[in-house]
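Dear colleague,

Please find the structure below, handed over for your own work. My notes on the findings follow it.

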Number of protein chains: 4
Amino acid sequence: MVVVLKPNPDKEKLDSLVSWLKSKNISIHAVTGESKVILGLIGDTSTLDIGMLHALDIVEDVKRVKEPYKNANRQFHPEDTVIKVANTQIGGGTLTLMAGPCSVETEDQIVGIAKAVKAAGATILRGGSFKPRTSPYSFQGLGAEGLELLKIARRETGLPIITEIMEISQLPLFDDVDVIQVGTRNMQNFNLLKELGKQKKPVMIKRGMSATYEELLMSAEYVMSEGNENVILCERGIRTFETYTRNTLDLAAIPVLKKLTHFPIIIDPSHATGKSALVSDLAIAAVAAGADGVMVEVHNDPPKAWCDGAQSIRPETFTELARKALALHEFMKTL
Amino acid sequence: MVVVLKPNPDKEKLDSLVSWLKSKNISIHAVTGESKVILGLIGDTSTLDIGMLHALDIVEDVKRVKEPYKNANRQFHPEDTVIKVANTQIGGGTLTLMAGPCSVETEDQIVGIAKAVKAAGATILRGGSFKPRTSPYSFQGLGAEGLELLKIARRETGLPIITEIMEISQLPLFDDVDVIQVGTRNMQNFNLLKELGKQKKPVMIKRGMSATYEELLMSAEYVMSEGNENVILCERGIRTFETYTRNTLDLAAIPVLKKLTHFPIIIDPSHATGKSALVSDLAIAAVAAGADGVMVEVHNDPPKAWCDGAQSIRPETFTELARKALALHEFMKTL
Amino acid sequence: MVVVLKPNPDKEKLDSLVSWLKSKNISIHAVTGESKVILGLIGDTSTLDIGMLHALDIVEDVKRVKEPYKNANRQFHPEDTVIKVANTQIGGGTLTLMAGPCSVETEDQIVGIAKAVKAAGATILRGGSFKPRTSPYSFQGLGAEGLELLKIARRETGLPIITEIMEISQLPLFDDVDVIQVGTRNMQNFNLLKELGKQKKPVMIKRGMSATYEELLMSAEYVMSEGNENVILCERGIRTFETYTRNTLDLAAIPVLKKLTHFPIIIDPSHATGKSALVSDLAIAAVAAGADGVMVEVHNDPPKAWCDGAQSIRPETFTELARKALALHEFMKTL
Amino acid sequence: MVVVLKPNPDKEKLDSLVSWLKSKNISIHAVTGESKVILGLIGDTSTLDIGMLHALDIVEDVKRVKEPYKNANRQFHPEDTVIKVANTQIGGGTLTLMAGPCSVETEDQIVGIAKAVKAAGATILRGGSFKPRTSPYSFQGLGAEGLELLKIARRETGLPIITEIMEISQLPLFDDVDVIQVGTRNMQNFNLLKELGKQKKPVMIKRGMSATYEELLMSAEYVMSEGNENVILCERGIRTFETYTRNTLDLAAIPVLKKLTHFPIIIDPSHATGKSALVSDLAIAAVAAGADGVMVEVHNDPPKAWCDGAQSIRPETFTELARKALALHEFMKTL
C-alpha cells in the first residue's frame, strides 16, 4: 500500500501515524519527492482500512498495490477452476450453452423448450421461477411450482438446471437445483452470498449493472470465504448512457477476468442487449473472445412470453446459434 | 401506450395483435404517417407487458405514456406525505438532520456522538449495525448488539434512530427501531421491500448506484403496494465515470422527485462524495434546493472509525453545518 | 412524432398549438386516453424542433418516431456502402486490417512498422501526425513532417494511409492522404465535419467517448449532407464507470449499426482497452461479430513509443493476430 | 510517481529500466513488499510518459502522485483568479449572473431579452451565434450577424457579452466579444484552446459531457500554457445513465474545483437538466454551494425559440431567480 502525504505534514500527526502502523506490524519506507512524501507500507495491509488512512488530515491519497481478493485471485490459484455439473462441466475448455425461457410458465412450455434446446446442443437448461421484476404489478414468477416444473424438464431431457435465488429463505427449495444463480440486483446481497458459500452447489454470480470487475470478484470472494469454491462469473451488460440497447455488453470482461481470476466466465447477451436481433452476433463474439459459455433466453413464442419476450430468441434461431457457436469453438482451438 | 409499427407490417400479424389487444379491453387508434404507422392504445395498459409488444416482429418501438407507478405518483396523491417519527416528523416543511457514525462501535462512541449531534440540532440518530461491506474481510458491523447500543443512545438523548436492514430475517430485530433504512445495494431486493410493506414503520429507501428515478419510485411502489405508505427517498450519489468523488451527487433528484412523487427527499452527501471536505458544501446546496433533510456521517475520531472514516466529519464540523443548514432553511422560507 | 399532453390542457393553448402545426402542414391525430391525450403528428416533422414542443406548458413529453438521420439511414439506402481506398476496399465482405503506430516518430520507425504489418496482412497503414493529447506538455505529433514520413512508408510498401486531422486549416496537408480520420474528441466538431463533406476523400469517424449511436450517425449525416458519401464508422470504446480498462468496448455497435446504417464498421480495441494484452482477444471478437475491419496500434518497441505504448502490440503479436483474424473471417463465411 | 512491478521481474529488464530512469535524472527508491516491489520515482517526472512505463513487461501498474497540471494548480497559485470583464468581474466574492437566449435570433429579440435580464440583475449577456447542433438540418445560428446583434444589445444595455466560438477561423470575429466560450463538444479541441491561449480575452471552458475534473483542468492548462491566464470553468452536466434530465448536474464540481484550482466556477443548470422547471432550484443550489455564478438560458417566448426552448425560462422567471440568487449570495456571507 502506498500513502501519499500532503505537503508539509504536521510532524506530531505523522509520528502518531507511524507508531500506529508499527503497532500493526507494518513497516514503513518513506520516499521524499520534490513536493510530496510517499510512504510504502510493507506487511499484512489487508487488515488496514483504506478509508481510515484517507481520513487522516495529513494524508492526500492512498493507493492499493495488492488486489483485495485472495481466494479469487489467479495469482494464488493459477489453474482454471472447472465446475462439475451433473454429467457435464463448466470451464476447462468446454463450451457451455445455457438456454431456456426467462420465466418458467407451464409444464408444456418448459419441457418443450428444454427438448428443443437440448436437441440444438444446449448443456444446461435455464428458467426463472423467482423473478426480480422492477414493478410489483408484473408477473413475479411461479415460485416453488416453477422449480418443480424445471425438475420435470430435467427428467425429460437430462439437462441440468440453473435458476435464480432471490433470498436466503428460498435456499431449501434449491436443494435439488444444479446451479444456483445470483442475479444482477443481488450481486452485493452479502448475506445471501455468505449463505451460498456455506453450501456446495455451484453458484453463478451475475455482474451488477454498475459493478466493477473488482467488486464482482469481491462477491465471489464472499462465497469462497465461507468454503464454496464452485463459483461461475457472468457478464450480462453494464449500465451506460447508451439507451438503444438495454445495457452495454462488456466483452473485455472475458480476457480481463481470465487474467485476474480462475473462475469460468459465462456471457449473457440476452439481458445485455434486450433485443433478440442482437443476441446471436454477440454470443458468437463471446465465444471468439474465449468465454466458457453463453446464456441465452429462448422461448417458443416470444411475444407471448410472460416476461422479457423482446430479448428471447426462438428455438430455431437458437439451433442456428448453437451450431455456429459450437463450430466456432472448435475452430478457435485450431487457430 | 404508443406502439410504432415497422414499415409495411404483415397484415395477418397486425390483425392478430389487434384482436389480442381488444381481448384485453384495449382500444386502438391508428395514426398513419408517411413511413410508419403508430397505434395509440387506450385502456388499462398497466397490465400489458411492454416487452411482449417489443417482441413482436411487426413492432419497431413501444413508448409508454403513463408512469408505471401509481401509489407513488403525485398525480394521484397531490399532497406531500409527512412521516411522523417519534416526536418529530420528516417532510411537511421541516428540515430533518440525520447524523451519526457509519458504524456503531461502542456504547461510549454512539452515546457520545448522539449527544453531540443532538446538541447541534440533529433530529434523528443514524448508525449502522448490519453493514454491507464490499469485502468479506472488512468489519461487518456489530449486528444485534449494535441495535441495542443505538437504543441506549436513543434513551440518553431522546433522538429517534434510523439503521439499515440487510435481509428479511433481521426484521424482528428492527421492532423497536424508528426508521428502517434500505441501502443502495438492496434498493431492488424486492422480497425485502415487500416485507417492509407489510409492516408500518417508516422505510427510507436509498437510490441504487445506477438506478433511475423511475426505478427508485418503483421500489417505493413495492413497499406501498403491500400497504405501508411511510416511505422516504434518499439520493446518495450515482455511479459515473468521475472517480475523484466516490459517486456523483445528483441534486436534480430533489426538484424531479418533488414533481413526480409525494414522498420526503433526504440527501446523503457523505456517501455521495466519500470525502469529508465536500460534505458541508453539498449538504447546504441540498437544503437550498429544497431537500426535506440531509443524512451526514459524524464520527468523533474519523481516522479511527471502523468504517468509512474518510467521509465522516467531526462533531464540531457537524455543529457548524447544522447551524448553517437550519439558518438557510429558515432563510429560504423568506425568499 | 408523438406529443403527450399534460392532463387537462388549457384549451386556448391547445388550439394555438394545433393551428401552428397546421400552418407547418402537419396533420394531427388526437388519441384520448384515460388520463392523458396524445397527438400523433403526420407530415414532414423533420423541421419541427423537438425542444420547442417540449417547451410548451401543455406538453408533457415528445417522442420521436422517425430517425433524425436520412442519408445515413439504411431504410433509405438498403445496400452496403463500400469504400474504395487505392487498390483495396473497406466493406463489402472484406476484412480491413488497419495497423501502425500511435504516432509517427521517424522514417525508420514508420517504414519498419509498415513493412512488418504489410507482411502480416495489414491493408491500411495507420499513424498519427497531429496528436490530440490531454496534456499540453505531452508530445503533440510531428505534424506535417509526420505526413511526409507516412507517404514514404506508403511508397515503400504500397499500403494506403489513414491519419487523423485535428482542424480545418490542416485540410490542404491531407490532400495526399488516403483516408482521413476524425478522432473521438472531434466527433462533434461540426465545422470540421462539414468541410470534410465538401471533399471526396473517405472519412473515418470515431465514436465520441460518450456519444450514442444516433449521435454518431448524425455526425456521419453532417459529412453526407455536404456531398461526401465515403464515410466509415469506428467504435473505439465508450466511457463508463469501469476503470480497469481505459474505456468499455461496445461490440453491440456492430450489429446495431449494421441494422441502422449502410456504412462499414471498424473496431479499435487498442484505444478501447488501453492495454496491449487485451487487444487480440477483442479484435478477434469483433471479427466474429461481423466488423468490416479492425484498427490496431502496432509498435516495434512499445515501451519506447512516444505515445500510448501501453496499448501497442509488437509486430510479431500483430502477425499472429492478423493470421487468426483473417482465418476467422474466412471461417465465418462458411458458417 | 509510483511504479508497481510484477512479481519476480526479469532482472535484466529491471536494470534497463533503472538506467533509463537515471539517464532522465530520476532517482529511484525501491520498496520491497511481500509479493510485490514498488519503485518511488523522485525528480521531474512530468516529462515521463506514463503510458511508456505501463507498456513495460515488468510493470504491473503506475500511479501518479503529482497532478499533471501546473499553472491551473491551486497548490502553486493559492490566490483566487479574478477575471475583469468590462465594468464587472467574475470571481472574487461576486455572483455573476449570465443570462440570455440559446440563440440570437433578431435584434428585437436579443435587445428585449438583454434589457429584461439586465433589469433583473444579470451582469453578463449570453447568446449563441455559432451553434453546435447535433443535426445538420437544425438551425446553425446566425453566425457573424448574430455577433453584431449581440453588440447592439450590449450598446443598449451596457452588459458585456459571452458567446461561443466553434473553430479557430472564427477568432477574428470575436475581437470585440467580452468573454469567449468554448463549448462542451470543443473542450478537448486542443488546437482551438492553444489559439485562445495566445490572445488575452477571458475564456470560459465548459466541461465535456464525459470529462473528468482533471481533463477539464488540463484543458485550462492548454490555454494557460500559451500565456492567457483568464480562464473560467463551467460545469454544465455530465452524461450518465439517467435520461429524465438531459444530463446530470455535478455540483460537487464546485468544492472540488475550488480546492484543486484557482479559477472561477460557473454553473449552467439549463443545459444540465434540459428542463426549464428544474433550472431555478439548481441555480439556487449552485449559489449555496459556493459557485461564482450561474449561466441561465432566458427567452421571451420559449416555445418559439429557435433552439433549446425546453430549457429556457421566461424573463419573469429569471427575475425571480435572480432576486433569490442575489439575496442568497448575500445571506451566505453572513453564515
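How many salt bridges does the rule find across the interface of chain D and chain A? The rule (a side-chain nitrogen of Lys or Arg within 4 Å of a carboxyl oxygen of Asp or Glu) finds zero there.

Some conventions come first. This is a predicted model, in which local features need pLDDT of at least 70 and side-chain atom pairs count only at pLDDT 80 or more, while totals for chains, interfaces and linings use all residues. Residues are numbered from 1 along each chain as its sequence is written, chains are lettered from A and ligands numbered from 1 in the order in which they are written, and side-chain values use heavy atoms, with hydrogens and water left out.

**Chain D and chain A**

Chain D and chain A each bring 26 residues to their contact (heavy atoms within 4.5 Å). About 2,100 Å² is buried between the two chains, 66% of it on carbon and sulfur atoms; buried area is the accessible area (1.4 Å probe) lost on putting two parts together, summed over both. Two residue pairs are in polar contact between chain D and chain A, both at pLDDT 80 or more. A polar contact is a pair of N or O atoms within 3.5 Å; within protein, one must be able to donate a hydrogen and the other to accept it, and residues adjacent in sequence count only if both atoms are side-chain atoms.

**Chain B and chain A**

Of the contact residues of chain B, 100% recur in chain A.

Each of these chains supplies 47 residues to the contact, and about 3,800 Å² is buried between them, 52% of it on carbon and sulfur atoms. B:Tyr137, B:Arg239 and B:Pro303 supply 15% of the area that chain B buries against chain A, more than any other three residues. Two salt bridges are found across this interface; in a salt bridge, the side chains of A:Glu215 and B:Arg239 meet at 2.7 Å, N to O. The interface of chain B and chain A also has 21 residue pairs in polar contact, both at pLDDT 80 or more.
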